[in-house]
Amino acid sequence: MAVLNYDELTVAERALWDSFPAGRWVDLRTGTPEDDDPARGEHWGPERTVRAEVLAALLLGGNTEPSSSVASLRLSGALITGRLDLAGAEISHLLWLRACRLEQTVSLYAASTRTIRITNSRVPGVDAGLARIEGHLDLNGSVMDTGRLSLINAHAAGELVLNGVLIAAPGEWAVFAGGLVMGGAVFCQGLTARGGVRLPGAQLPGGLFMQGARLESPDGMALLADNVTATVVDLSEGFSAVGTVRLRGARISDLLTLEGATLVGRDTTLFGVGMQVGTFHFGLAAEPAGAVDLQGARAAVLHDRKRSWPREVRLDGFVYDSLRSDGTFLHEDVAHRLAWIRRSPGYAPQPYEQLAACYRQAGHDDDARRVLLEKQRHRRRTLNPPGRVWGYLLDAAVGYGYRPWLSALWMATLWLLGSLAFSARSPVQTKSGEGAPFNPFVYTIDLLFPIGDFGQRSAWHWTGSTQWLAYLLITIGWILTTAVVAGISRTLNRN
């Protein structure tokens, strides 16, 4: 970089040079809002123009005059010409540009810096890839209308502030921050990104806060945060994503919330395969058009709204410990939950088993049995015709074993019908003069219950069609008794 001659500096540049050692503000604004708008900054005259090389020279130690204050560069309302190139630099001073207009991209690539603030300004883009920022990176209220923000593998000890920022990079990534490591939080409240926000592998121990943000990437990923590690990811309070929100393999220890969010995607609106979440609030403002994919995901608590789920929800492998929905109690929500599972394409037993386990854990065994019965009915639709017929018979007879009381009802009905049929005719005594007198009611019970013997079945027998009725009752008795025993065993094992 060429050595600057103080005598060749403009009036504005000299004011900045002289104020640097004491860290004083240099404010070139006129006080008229229209004239001070950075959107009109290209028309600002020489009295408000500062060359980028002057800023770089100061930050790299160009003015080392002693001062009782901490040296820092603070500039408001300036048109900064040329490229502010600090790539690879070691900067030990605060840089704060407020309400400025920069002609070219700011490069902080692989730089080591203190806090950087470029607020309420217009800047084509910021490249801070591989940067080490021992403080905050604050772009609050700024506009990047021709470039993007790059933070690839950057480290920041403090916070990243993008509140109210507009980044316009349609068809590209508006924010490119794979591998970002933060010491503090990332604030993107009210961010508008015309292009995707890319955060794969980012480490965000302070959380990601995107309330009211609007991300627009209709043909791709609005938010790509695969394998992110964070305490909180807040996509609520009017958050809007046109494109897919992708959180594959994310680890969010506390809260992931989409309360009041709007998701618009062509195929998949939320892709959360394999993510792990503490509390998952899924309360969208409206039903999304695309699918929600939660295969293999895990949440300690799922708190949702009925209208939040789209027509297709992929739930195979999704594990949760408790459910809450629209303020209703768990046991009041069985029909909704079953309809929720049926939105998953095809048949998979795990979503039913998971829901039943959740009900059992909450002590609602009746609801768990209802869920498992619906699982069998769903499975039945995937069977061949003979299998479906047999399934209908099991369902009607004993509810696949989850309604053993049906077998008792069938037993009572068959006992009454059998008793009436056997009382209309006289049987043949097996051994003349032996055995108890024939009793059609006790005889029918003896046929239906394979366990125990009242002496009627061995003492009397039939010929002709009545003999086949007896065989039929014995067969049905074995089937129903087996179903009852299985149902009781299932209940005892759960308890």
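Two strands count as paired if DSSP finds at least two bridges between them. Helices (H or I, at least four residues) and strands (E, at least two) are DSSP runs, numbered from the N terminus. With that in hand, take strand E24 and strand E26 (residues 251-257): they pair in the parallel sense over five bridges. Asp234 stands opposite Thr257 in E26.

Some ground rules before I go on. This is a predicted model: local features need pLDDT of at least 70, side-chain atom pairs count only at pLDDT 80 or more, and totals for chains, interfaces and linings use all residues. Residues are numbered from 1 along each chain as its sequence is written, and side-chain values use heavy atoms, with hydrogens and water left out.

Back to E24, which spans residues 229-234. Which strands pair with E24 over two bridges? Strand E21 (residues 203-204) is one, in the parallel sense. Gln203 stands opposite Thr229 there. Strand E22 (residues 208-209) also pairs with E24, parallel, over two bridges. In that pairing Phe209 has Asp234 as its bridge partner.

Next, strand E25. E25 (residues 240-246) and strand E28 (residues 268-271) run parallel, with two bridges. Arg246 sits opposite Phe271 in E28. E28 then joins strand E30 (residues 291-293) through three bridges, again parallel. Phe271 faces Asp293 in E30. So much for that series.

Val277 stands opposite Ala299 in E31. Six bridges also join E31 to strand E33 (residues 319-325), running parallel. The bridge partner of Ala299 in E33 is Tyr320.

Three strands make an open sheet, ordered E2-E4-E6, with parallel pairing. Its edge strands are E2 (49-51) and E6 (101-102), each pairing on one side only. Strand E4 (residues 79-81) and E6 are parallel, over two bridges. Ile80 has Leu102 in E6 as its bridge partner. Helix H3 (residues 52-59) packs on this sheet, touching E2 and E4. Contact here means heavy atoms within 4.5 Å. The direction of H3 makes about 55 degrees with that of E2. For such values, axes are lines fitted to C-alpha atoms, for helices over the stretch in contact, and angles run from 0 to 180 degrees between N-to-C directions.

On to a helix pair. The axes of helix H5 (residues 349-361) and helix H6 (residues 365-380) come within 7 Å and cross at roughly 170 degrees. H5 and H6 are therefore roughly antiparallel to each other. The cut-offs: under 35 degrees is roughly parallel, over 145 roughly antiparallel, 65 to 115 roughly perpendicular, and the rest oblique. H5 brings residues including Tyr352, Leu355, Ala356 and Tyr359 to the contact. H6 brings, among them, Ala368, Val371, Leu372 and Lys375. By class, the residues of this contact are eight nonpolar, one polar and six charged. Here Ala, Val, Leu, Ile, Met, Phe, Trp, Tyr, Cys and Pro count as nonpolar, Asp, Glu, Lys and Arg as charged, and the others, Gly among them, as polar.

On a 1 Å grid over the protein atoms alone, a cavity is a set of points where a 1.4 Å probe fits but cannot get out; a pocket is an open set with protein on both sides within 12 Å along at least five of seven lines; lining residues have an atom within 4 Å of a point. Grid points are joined across faces, edges and corners, and a volume is the space filled by probe spheres set on the points.

How many cavities of 30 Å³ or more does a search of the whole structure find? Two.

Finally, the second largest pocket, about 170 Å³ in volume. Of its 13 lining residues, Pro170, Gly171, Glu172, Ser217 and Pro218 are closest to the centre. Strands E17 (166-176), E20 (192-198) and E23 (214-224) each supply at least two lining residues. E23 gives the most, with six. The lining divides into four nonpolar, five polar and four charged.
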